[in-house]
Amino acid sequence: PLLILTVLLLLSSALFLDLMLRKYIRPLRKISEQVSLVNPTNPSHRFEITGAAEIQQLCDRLNEGAAHYESLLNDIQGRVNTARAQSEEEKNILAAIMSELPEGVIVCNPEGQVLLYNNRAKHMVSGEGDSSHETSIRFIGLGRSVFEVFDENLMRHTIDQITEKLKKNETNVVYHFVSPGAENTLLRIEAVPVLDYRKHYTGLILILTDITQQ
């Protein structure tokens, strides 16, 4: 009887351990492995794991969280696309307005990269049909550095003067300087800072005027 009882206890223990392994331990291990699959590149992943009732409830809660996460991602992406479309539309409107201005206009970001310019600015800086070495150096284009268009030391001095005026809360933060243009012309550049809602420096607008005759 003692031997039979021992065998029965061992069998019961084995069955209990097998049940725990199939219903709890293995499903939990699968869940821990699949949690990392719910990410921005795969937000539609759902947990379909069989196990005990508690495991199924856990999967249901995780699936609800994953669905909410996917909905938030789609909402954020939709807002980003809308903002990008509005920004592109505003940029096109600004470019159309700039193209009609008699002055040359160049818009730069804080790092000095050219974001926008009109044909008048291109003509005043690079000239027309001039393939000289000087013109190739001063070629203006989107993404290029404005320090390649105008003297870098002069441009950095201009930015320093503007930021210093902003720190002092001066009302007139516009700065002017003179630079040679294309085809032996002389340009007067008006540097106007672009400010955000906190009045922090976020870019620069350069307005070019040909003062060769003057």
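## Leu94 in helix H2

Leu94 counts as partly exposed, because its relative accessibility is 40% (buried means under 20% relative accessible area, exposed over 50% and partly exposed in between, with a 1.4 Å probe and protein chains only). Leu94 lies in helix H2; helices (H or I, at least four residues) and strands (E, at least two) are DSSP runs, numbered from the N terminus. Between the C-alpha atoms of Leu94 and Leu116, which are 22 residues apart along the chain, the separation is 9.1 Å.

This is a predicted model, in which local features need pLDDT of at least 70 and side-chain atom pairs count only at pLDDT 80 or more, while totals for chains, interfaces and linings use all residues. Residues are numbered from 1 along each chain as its sequence is written, and side-chain values use heavy atoms, with hydrogens and water left out.

## Packing of H1 and H2

Two packed helices are described by the angle between their axes and by the distance between those axes. For helix H1 (residues 2-35) and helix H2 (residues 53-99), the angle is about 15 degrees and the axes are 10 Å apart. H1 is therefore roughly parallel to H2. Axes are lines fitted to C-alpha atoms, for helices over the stretch in contact, and angles run from 0 to 180 degrees between N-to-C directions. Angles under 35 degrees count as roughly parallel, over 145 as roughly antiparallel, 65 to 115 as roughly perpendicular and the rest as oblique.

On the H1 side, the contact (heavy atoms within 4.5 Å) is made by Lys23, Tyr24, Pro27, Leu28 and Ile31. H2 contributes Glu54, Ile55, Leu58, Cys59 and Leu62. The residues of this contact comprise 8 nonpolar, no polar and 2 charged; Ala, Val, Leu, Ile, Met, Phe, Trp, Tyr, Cys and Pro count as nonpolar, Asp, Glu, Lys and Arg as charged, and the others, Gly among them, as polar.

## The sheet and its helices

An open sheet is formed by 5 strands in the order S2-S1-S5-S4-S3, with antiparallel pairing. S2 and strand S3 (175-180) are the edge strands, each pairing on one side only. From one strand to the next, the twist averages 25 degrees. Two strands pair if DSSP finds at least two bridges between them.

Strand S1 (residues 104-108) and strand S2 (residues 114-117) pair in the antiparallel sense over 3 bridges, and Leu116 in S2 is the bridge partner of Val107. Their hairpin has 5 residues between the strands, and Gly112 there takes a positive phi near 90 degrees. S3 and strand S4 (residues 186-195) run antiparallel and are joined by 6 bridges; Tyr175 stands opposite Ala191 in S4. Helix H5 (residues 152-167) packs on the sheet and touches S3, S4 and strand S5 (201-210), its direction making about 175 degrees with that of S3. H2 lies across S1 and S2, at about 50 degrees to S2.

Glu103 lies in the loop between H2 and S1 and counts as partly exposed, because its relative accessibility is 29%. Not counting residues up to four places away in sequence, Glu103 touches Asn118, Arg120, Ile207, Leu208 and Thr209. The C-alpha atoms of Glu103 and Val7, 96 residues apart along the chain, are separated by 98 Å.

In helix H3 (residues 119-126), the buried residues include Ala121, Met124, Val125 and Ser126. Gly127 follows H3 and has a positive phi, near 80 degrees.
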